[in-house]
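Please examine the sequence and the structure shown below. The report that follows describes selected parts of the fold.

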Amino acid sequence: MTTATISNETHCACGKAFADDATSFLPGYARKADTDERVCYPCAAAGELADLHATGKATLYLTGEPKSHPTLSTQPFGWLEDVKVTNWTGLISFRATGWNRGYHNIARTRTNVWFIDDKGAEWWGVLYGENTQLLHCRRLKGRR
Ligand SMILES: [Zn+2]
């Protein structure tokens with residue numbers, strides 16, 4: 001995809017304006033990893049979503065806190081009301097369907113999260129340690 005014809009740096013290719021500096025009231029922008037092109041958050045999210053479906057892999061964020069449980073076993077759905085898997089801006093948001101937390105020799109804890117994407121495919125994500133929200137996600141094929 002070429003965007004060489006877009007001369008106005010304060011507009012996304014979709015036509016949406018974004019802030020060129022921190023004082024603007026307009027929303028900010030993201031940069032595409034491959035081309036460095038500036039895009040609005042909805043376009044960035046659409047790109048992330050397309051990439052997620054195409055590759056079966058994504059780096060997302062875990063928001064909300066799964067309630068800890070003494071047995072560290074997988075919890076039923078009821079425990080996960082506020083737990084979501086999102087992109088950086090939160091425009092992509094999937095509800096977690098299950099999780100568990102175990103011990104990890106270096107990061108101390110390892111949290112596994114399962115969720116369903118917008119096409120109904122099941123995903124698994126893993127988060128290492130307590131001081132991060134970064135979730136390394138992979139689509140599952142016919143598992144669980
Ligand atoms: Zn846009």
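Six strands form a closed barrel of 6 strands in the order S3-S4-S5-S6-S7-S8, with antiparallel pairing; two strands pair if DSSP finds at least two bridges between them. Strands (E, at least two residues) and helices (H or I, at least four) are DSSP runs, numbered from the N terminus. This is a predicted model, in which local features need pLDDT of at least 70, side-chain atom pairs count only at pLDDT 80 or more, and totals for chains, interfaces and linings use all residues. Residues are numbered from 1 along each chain as its sequence is written.

S3 and strand S8 run antiparallel and are joined by 5 bridges. Within this pair, Ala58 stands opposite Cys137 in S8.

The elements named here with their residue ranges are as follows.

| Element | Residues |
|---|---|
| Strand S1 | 29-31 |
| Helix H1 | 41-55 |
| Strand S8 | 134-139 |

Just after H1, Gly56 takes a positive phi of about 75°.

Phe18 lies in the segment before strand S1. Phe18 counts as partly exposed because it has 19 C-beta neighbours inside 10 Å.

Technical notes
A residue is buried if 20 or more other C-beta atoms lie within 10 Å of its own, exposed if 12 or fewer, and partly exposed in between; C-beta atoms are placed from the backbone. The expected span of a helix is 1.5 Å times one less than its number of residues.
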